[in-house]
Amino acid sequence: MLRQQRVYLALFVLHFVLIITISCRDIVWLVAHKLTILPAPFRAAAEKLEPIAAGVLGDKLSTPNPFRRALLTYLHIAGIDRGYGYFAPNVPAGYKLVFELHYPDGRVEYELPGVSSAAAGLRVATLLDEIGRSRSDPLREYMVKTLAASVWREHPGVIKIRAVFGSLNLPRAEEFERGKRESYDFLYAYDFSRAEEPAKAENH
Amino acid sequence: MARWRERLRAFLFPPEADLWLGLLRIGLGLQVLFYTLSLRADWNYLFAGPGEGLIGRALPEALLSTESPLVPRLGWLIMLATRIGCSESTALSIAWWGMLFAGGCLVIGIFSRASAILAWFVHLCAAESGGFISYGVDNFMTIGLFYLMLSPLPDRYSLDQRWRKLPSKNQRLLGFFRRVLQVHLCLIYFFGGVAKCLGSGWWDGSNLWRALIQPPFNLIAPEILIRLKYLFPVGGIVICLLEISYPIFIWDRRTRGIWLICICAMHVAIGLTMGMYLFAFVMIVLNVAAFGPGLGLARGEKLVRAPAS
């Protein structure tokens with residue numbers, strides 16, 4: 001084997017070890033968090049495997065560690081920073097965000113976070129999923145607040161915006177046949193006004 | 001040991017023509033054009049700075065900086081542009097036009113390498129700065145453009161090659177980069193299939209139903225879909241099996257055509273029924289470039305010039 005080919009082989013092995021490790025880590029995470037149909041013994045094994053995958057990917061190193069940073073940079077620039085479990089193991093719940101726009105004359109209008117094109121619409125759905133899945137209250141509130149600000153710029157006469165965030169309940173096929181339709185479960189509500197800082201009004 | 005080494009070399013560095021690379025370049029060029037044009041009206045709105053736009057790029061870029069300050073982002077381009085007196089909006093427009101230009105150049109094959117690098121860089125910046133609004137299509141575009149810019153461009157179908165009459169490329173290197181793409185696709189489908197098999201909803205068809213009726217993917221009315229409810233369990237199982245067995249059947253010349261057609265048909269169906277046109281297109285491009293060329297040839301068969309009759 002030529003020297004150049006050996007170098008390519010080494011890079012090939014490194015690249016695919018990373019891809020396989022990331023993909024395995026994602027699947028192990030799903031199993032460990034009881035999101036799959038696998039029984040308990042698999043979950044126990046997955047919990048043991050999780051730290052190994054994390055170790056290979058440098059997750060245990062401190063954030064400023066140069067090796068960790070170099071590795072993360074490579075993963076991002078090669079597009080291999082995440083696994084391939086799209087719509088898996090199950091299709092997750094969707095989310096909806098509705099803004100109640102309160103005008104000085106008491107009028108109330110309803111608005112959804114909107115964009116011009118269907119392609120950008122898919123990205124808004126991704127954003128709502130991120131908000132819904134976030135475990136950090138301040139992060140979730142920040143994102144909803146930023147979205148509310150974008151609506152506010154479109155409607156400068158509004159004095160208060162109430163943002164209501166909910167998860168989507170989809171009927172099963174049999175339930176749909178019996179007349180059940182999609183519904184929403186209330187998750188969070190935030191009130192925003194011009195004068196004061198936003199305050200979380202309610203959550204479930 | 002020497003025999004294994006030779007086998008490995010033969011697998012990783014097979015001599016290849018550059019048809020696959022031409023397909024990848026043109027396909028990804030079209031993908032970049034479609035991506036850019038589809039976001040034309042919302043580009044500045046999606047990627048604007050704090051206090052403007054939909055969600056802004058400030059938070060994703062800040063989170064990215066804590067992970068690694070070296071990952072490209074739109075903030076770099078904007079900082080550069082503002083230093084020479086351009087506004088943020090102008091800088092974002094330049095980035096959009098730059099990507100459109102790179103996509104066009106890739107399609108016709110002019111400045112192939114530079115265009116691939118430009119398209120990869122600007123798209124990566126947008127995908128990373130987008131953060132919360134990035135989804136699968138961005139991942140696969142990054143993967144495809146990353147391999148394209150590293151591959152031995154230009155291919156013989158490009159204008160670059162016709163005008164500049166460059167020496168032909170190392171066929172073993174061409175074969176190596178095609179193998180990289182092929183192996184990566186096998187891993188993508190295998191792990192995607194494994195993850196699906198672990199969910200109960202793919203075995204009873206409920207995931208297919210949920211995926212098709214969930215906004216914003218609900219292009220087909222559920223009243224129509226419900227008539228096909230008996231097909232959902234079959235469809236779910238077929239998708240799982242198709243994906244998980246892809247790394248086995250795509251290599252065998254006898255089954256490669258069937259698997260390639262089935263996988264492409266699956267992506268066409270995803271595009272048409274769920275409105276994920278960009279996602280469908282990039283997956284078809286990657287599959288066709290990786291496994292399309294040479295599809296009609298039997299094992300050991302080579303293309304030879306027939307004698308004139």
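# Chains A and B, term by term

Mentor: In chain B, 71% of the contacts between residues at least 6 apart in sequence join residues at least 24 apart. This is a predicted model, in which local features need pLDDT of at least 70 and side-chain atom pairs count only at pLDDT 80 or more, while totals for chains, interfaces and linings use all residues. Residues are numbered from 1 along each chain as its sequence is written, and chains are lettered from A and ligands numbered from 1 in the order in which they are written.

Trainee: What makes two residues a contact? And what is the percentage for chain A?

Mentor: Two residues are in contact if their C-beta atoms, placed from the backbone, lie within 7 Å. For chain A, 51% of the contacts between residues at least 6 apart join residues at least 24 apart.

Trainee: How do you know whether chain B agrees with a compact globule?

Mentor: The radius of gyration, taken over C-alpha atoms, is set against a globule rule of 2.2 Å times the number of residues to the power 0.38. For the 309 residues of chain B the rule gives a value near 19 Å; chain B has 22 Å, which agrees. The C-alpha atoms of chain B fill a box of roughly 65 × 60 × 45 Å along the principal axes.

Trainee: What does the rule give for chain A, and what does chain A have?

Mentor: A compact globule of 204 residues would come near 17 Å, but chain A has 23 Å. The box of chain A is roughly 80 × 45 × 30 Å, again for C-alpha atoms along the principal axes.

Trainee: What are the domains of chain A, and how far apart are their centres?

Mentor: Chain A is assigned domain 1 (3-77) and domain 2 (95-203), where the bounds come from an automatic or database domain assignment. Over C-alpha atoms, the two centres are 35 Å apart.

Trainee: How is chain B divided, and which parts of its domain 1 touch domain 2?

Mentor: Chain B has domain 1 (15-165) and domain 2 (170-298), with 25 Å between their centres. Contacts join 24 residues of domain 1 to 23 residues of domain 2. On the domain 1 side, helix 2 (19-38) and helix 8 (136-150) of chain B each supply at least two residues. Helix 2 of chain B gives the largest share of that side, eleven residues.

Trainee: What class does Phe111(B) fall in, and why?

Mentor: Phe111(B) has 19 C-beta neighbours inside 10 Å, so Phe111(B) counts as partly exposed. Phe111(B) lies in the loop between helix 6 (88-108) and helix 7 (112-130) of chain B and has a positive phi of about 50° although it is not a glycine. Over whole chains, buried residues make up 46% of chain B and 28% of chain A.

Trainee: What makes a set of residues a nonpolar core? Which members of the largest one touch the most others?

Mentor: A nonpolar core is a set of buried Ala, Val, Leu, Ile, Met, Phe, Trp, Tyr and Cys residues joined through C-beta atoms within 7 Å. The largest has 125 residues, and those touching the most other members are Val144(A), Ala163(A), Ala119(B), Val122(B), Val282(B) and Leu286(B). Helix 16 (residues 277-291) of chain B gives the most to this core, twelve residues.

Methods. Buried ≥ 20, exposed ≤ 12 C-beta atoms within 10 Å, placed from the backbone. Helix = DSSP H or I, 4+ residues; strand = E, 2+ residues; numbered from the N terminus.
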